Amino acid sequence: MKIAVCIKQVPTREWQPRLNDAKTWIREQDISYEMNEPDAYALEEALRLREKHGGEVVVCSAGPARVQTVIREALARGADRAIHVEHDSLGSADAFVLADALAAAMKDEKFDLVLTGLQSDDQGHGQTGVILAERLGIPSSTIIMDVQIEGGSLRVKRELEGGWFQWISMPLPALLTIQSGINQLRYATLKGIMAAKKKEIRKAALPDGLTPAQKIVSLAVPTRSKQTQMIGGSAADAAKELVRRLRDEARAL
Amino acid sequence: MLVIAEQRDGKLNRATWETIAAAQRLAGGTPITVAVLGAATGGVAQELASAAVAEILVAEHPALDPYTPDAYASAAAAVIDAAKPVFVLLPHTYQTRDFAPLLAARIRKPLVTDVTAIDGTGGDATFARPMFQGKLAAHVKPQGGTPAIVTIQIGAFRADAAQKGGPAPVKKADVQIDATSVRQKPEPPFREAKQAVDLGQAERIVAVGRGIKSQEHIPLAEKLAKAMGAEVAASRPICDNGWLPMERQIGSSGQTVAPKLYVALGISGAIQHLVGMKGSRTIVAINKDAEAPIFEVADYGIVGDLFEIAPAIVAELEKG
């Protein structure tokens, strides 16, 4: 099995948004980044499939030089090698550009299975994986919670809404977008971190002429849909005031 | 303007009405066609004909049941090719998330997902959508030709805001799908476990999120719930970690609830969670991060350490 995992580097969950002067993108100077969480689950699933079926796991990422940090982290967790489509513009690229960039770098590798997270914690389009599948000419299924491979065929558990699921079979090669929580994540060991330093990261150039499918006109902190009454003071005072309001104003207790 | 309705076994997904409301908002008078895809769509077309739209298009083909992304993308592409809309609107459901990117990739047209608001009409419109887990709202404009495909977040528009009229004429659309091009073979949907707790019936809910930090702190939430006469629930990461059972999960992948009181304890408020609880009558948010999106939907907010505040509330309630 030759498995690709597409990962993205995104701002950490603790990051407080700051906007650039034009208010069309975030201030990138003071951000700390991490691996997009659903992609981390996709990586873990790929490592487990390799443990079961053999083969190799190749990490693919499109982004500026800074994404090497998450590529190294994925290699430290156990991926065998990596492909990095490197360009400064990819940090804020939309799903079409990312998918086209990845497809160009991945198509000659003839992967049996491509995994990625169901969406990114930054722009959150939820499109890149499926567009990539179409560009690679392979079938896709999304929001996957279990992956079974038997005798060259693939059977996956897809999450539906409201606690429903469905098994779907499809031929390999295929692309799956993985839901968070499909497995328990492993973390890098010291041995893994040392080994990662020797693993290959193949640089690929961004193909010319990729055009975005959308433009961010403006970014803003969302306006409140409700007038939230903030309650301050010490924990005891705030608790007292909250209970009073829930009893007297909201009549919810 | 084209709306693609969502139905299963002849039953309309109500989110379709929200999407029709969004389409009417965006159309500014241009005619709206609503397309119904499926193998046997039953009375769905007649139900939709009561909307103030130009026509209902029924695109039936045996390959459309059960749902597969390959067949739906083919059918939608055929309908778009015939109708030549400027915009194609769909509800942002799990099904749409599965096939809309495929459709967009095939016809090489822009796709804007998870839209919460529309500014302007027609070609001048911009679309608001959450980014960075709801910490920011972006206004975006599709680029690169028509139609632009737009998916509308569940609950962003009101179903009862869809204007009624008609009855709109119901027409058949001829769609050809090559069955051999459909690569996914689905099995019937199933539920993992019986829902032992029906959170939908709970009057009050105390829900915990990542802010609870570890499994050993779950009893803190349980104590608060007990003191409030509430059921305990959780956001997705808590259930993923196995700290509470999956059946107590609130959100798009769990249960949708609208209790009298919803207390969000250490929940940041990712949109996947908000869709499951924002209809609650009174919402209390307790979070250390003043910028957390949960405060946008909360009636009462306390910024602070839940490990101090939750016990203080319990103490206060025990005073009677």
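The model is predicted: local features need pLDDT of at least 70, side-chain atom pairs count only at pLDDT 80 or more, and totals for chains, interfaces and linings use all residues. Residues are numbered from 1 along each chain as its sequence is written, while chains are lettered from A and ligands numbered from 1 in the order in which they are written.

Start with chain A. It has 6 helices and 13 strands. Helices (H or I, at least four residues) and strands (E, at least two) are DSSP runs, numbered from the N terminus. The C-alpha atoms of chain A fill a box of roughly 65 × 45 × 40 Å, taken along the principal axes. Of the 253 residues in chain A, 47% are buried. A residue is buried if 20 or more other C-beta atoms lie within 10 Å of its own, exposed if 12 or fewer, and partly exposed in between, with C-beta atoms placed from the backbone. Contacts tell of the fold too. Two residues are in contact if their C-beta atoms, placed from the backbone, lie within 7 Å. Among the contacts in chain A with a separation of 6 or more, 71% link residues 24 or more positions apart.

Helix H2 of chain A spans residues 68-77. It is mostly covered, with 7 of its 10 residues buried. Among these buried residues are Val70(A), Ile71(A), Glu73(A) and Arg77(A). Just after H2(A) comes Gly78(A), with a positive phi of about 135 degrees.

Now bring in chain B. In the interface, 68 residues of chain B are in contact with 65 residues of chain A. The side of chain B that touches chain A has 32 nonpolar, 16 polar and 20 charged residues. Here Ala, Val, Leu, Ile, Met, Phe, Trp, Tyr, Cys and Pro count as nonpolar, Asp, Glu, Lys and Arg as charged, and the others, Gly among them, as polar.

A sheet crosses between the chains. Its 4 strands run in the order E12(A)-E10(B)-E9(B)-E8(B), the sheet is open and the pairing is antiparallel. E12(A) and strand E8 (117-119) of chain B stand at the edges, each with a single partner strand, so one side of each is left without a neighbour in the sheet. On average, neighbouring strands of this sheet are turned by 35 degrees against each other, direction ignored. Two strands pair if DSSP finds at least two bridges between them.

Look at the join between the chains. Strand E12 (residues 214-220) of chain A meets strand E10 (residues 136-142) of chain B through 6 bridges. Ala220(A) has Ala137(B) as its bridge partner in E10(B). Leu219(A) stands opposite Ala138(B). Strand E9 (residues 126-131) of chain B is joined to E10(B) by 5 bridges. Met131(B) stands opposite Leu136(B). The hairpin of E9(B) and E10(B) has 4 residues between the strands, and in it Phe132(B) takes a positive phi near 50 degrees. E10(B) is largely enclosed by the rest of the structure, because 6 of its 7 residues are buried.

Helix H4 (residues 128-136) of chain A packs on helix H4 (residues 94-107) of chain B at an angle of about 45 degrees, with axes 8 Å apart. Axes are lines fitted to C-alpha atoms, for helices over the stretch in contact, and angles run from 0 to 180 degrees between N-to-C directions. H4(A) and H4(B) are therefore oblique to each other. Angles under 35 degrees count as roughly parallel, over 145 as roughly antiparallel, 65 to 115 as roughly perpendicular and the rest as oblique. H4(A) passes H4(B) in a right-handed crossing. A crossing is left-handed if the near helix is turned anticlockwise from the far one by less than a right angle, and right-handed if clockwise. Val130(A) and Ile131(A) of H4(A) take part in the contact, as do Pro101(B) and Leu102(B) of H4(B).

Chain B has a helix pair of its own. Helix H5 (residues 218-228) and helix H9 (residues 306-318) pack at about 25 degrees, with axes 9 Å apart. H5(B) and H9(B) are therefore roughly parallel to each other. Their crossing is left-handed. The contact includes Leu220(B) of H5(B) and Leu317(B) of H9(B). By class, it has 8 nonpolar, no polar and 2 charged residues.
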